[in-house]
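Please read them with the model open.

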Amino acid sequence: MKTREALRGACARTAREVGGDFFDFRMLDRDHLYMAIADVSDKGIPAALFMMAARIMFADHATTGGSPARILRECNATICSNNKEMTFITVWIGILEISTGIIKCANAGHEYPVVRHANGQFELLRDEHGIFLGVIEEAEYQDYELQLEPGASLFAYTDGLAEATSPNEKMLGTDGIVKALNEAPDDDPEELLKYVQKAADDFARGAEQFDDITMLGIRLN
C-alpha cells in the first residue's frame, strides 16, 4: 500500500515591525496534522503578544484530542474571561487525517479557504463561519469535513492578502487570489505561496500596504 504524505508550506509578512497574524503546523500523532491560521484585530506589539499567547493556547488544546470546534469554544471562553482590551481574533483550524485525506475544520470569522481537488481548479470554499473569538463567551462553533484525494490542495490566508491594494485603491480580492492560484496549481505549497505573494506584489505595484499577509498551503500526495 502506498503511503500518503502531506506537503505543507507557510509564510508571513508583517505590515509593521511586528504583526498579529500567525500560522501553525504540528503533528498530533503519526497520522494527524494540526494546522491553524489566525489574525488578531490589533497591530504592533500588543497584537504580537496576544498572538503568541493564542498560538500556544490553541496548540495546547489541540494536543488533548479536541475537535477544531471544541478548540475554538474552549479558547474563546478563556479569551473572553480576560479581555479588557476587547481584542478579537479570527481563526481557521483544520486537523488532517493523512491516511484518509479527511480534514475536520472549524472557522471563527476567518477568510474563506480555497480548495483544489485532484486535477481540478482552485475554488473558494464558502464554509460555515462562527463569530470571531473574544466577543461572546457562549459563542458556538461547528465542525465540518473536507475530503482531499491524493493530488488535492488547500490554501488559507489572512485578510491582508485579499486587501492588497493597488495605487488606484483597488483591492486584489478573493477573485484575484483564486486567479493567481490557478496560474500555478501544480506547484508544491512553498512555491505556490511564493507565486501568490508575487502576484499580490505585482498588483500593489509598490503601494504601501497596511495589513499583515499570512498564508499556508498543503497538498496531499
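1. Start of helix α5. A side-chain oxygen of Asp188 comes to within 3.1 Å of the backbone nitrogen of Glu190, at the start of α5. This is a predicted model, and the distance should be read as a property of that model.

2. Length of α5. The helix covers residues 189-204, which makes 16 residues. At 1.5 Å a residue it should span 22 Å, and its end C-alpha atoms are 23 Å apart, so the two values agree.

3. Buried side of α5. Which residues of α5 are buried? They are Pro189, Leu192, Leu193, Val196, Gln197, Ala200 and Ala204. Seen down the axis of α5, these buried residues fall within an arc of 135 degrees, so they line one face of the helix. An α-helix has 3.6 residues a turn, so residues three or four places apart point the same way.

4. What covers that side. The cover over the buried residues of α5 includes strands β1 (6-13), β7 (122-124), β9 (153-157) and β10 (213-220). Helices α3 (159-162) and α4 (173-183) also belong to it.

5. The other side, and the end. Lys194 and Lys198 are exposed and sit on the face of α5 turned away from its buried side. Just after α5, Arg205 has a positive phi of about 50 degrees.

6. Lys104. This residue lies in strand β5 (residues 102-108). Is Lys104 buried, exposed or partly exposed? Its relative accessibility is 33%, so Lys104 counts as partly exposed. Leaving aside residues up to four places away in sequence, Lys104 touches Ser67, Pro68, Ile93, Gly94, Ile95, Asp143, Tyr144 and Glu145. Gln209 is 105 residues from Lys104 along the chain, and their C-alpha atoms are separated by 33 Å.

7. Cysteines. How many disulfides are there? The count comes to zero, with a disulfide taken as a pair of cysteine sulfur atoms within 2.5 Å. Cys75 is in no disulfide, and the nearest cysteine sulfur, that of Cys80, is 11 Å away. For Cys105, the closest cysteine sulfur is in Cys75, at 16 Å, which is too far for a bond.

8. Burial of two of these cysteines. Cys75 has 0% relative accessibility and therefore counts as buried. Cys105 is buried too, with a relative accessible area of 0%.

Key. Residues are numbered from 1 along each chain as its sequence is written. This is a predicted model: local features need pLDDT of at least 70, side-chain atom pairs count only at pLDDT 80 or more; totals for chains, interfaces and linings use all residues. Side-chain values use heavy atoms; hydrogens and water are left out. Helices (H or I, at least four residues) and strands (E, at least two) are DSSP runs, numbered from the N terminus. The expected span of a helix is 1.5 Å times one less than its number of residues. Buried means under 20% relative accessible area, exposed over 50%, partly exposed in between (1.4 Å probe, protein chains only). The arc is that of the directions from the helix axis to the C-beta atoms. Contact means heavy atoms within 4.5 Å. A polar contact is a pair of N or O atoms within 3.5 Å; within protein, one must be able to donate a hydrogen and the other to accept it, and residues adjacent in sequence count only if both atoms are side-chain atoms.
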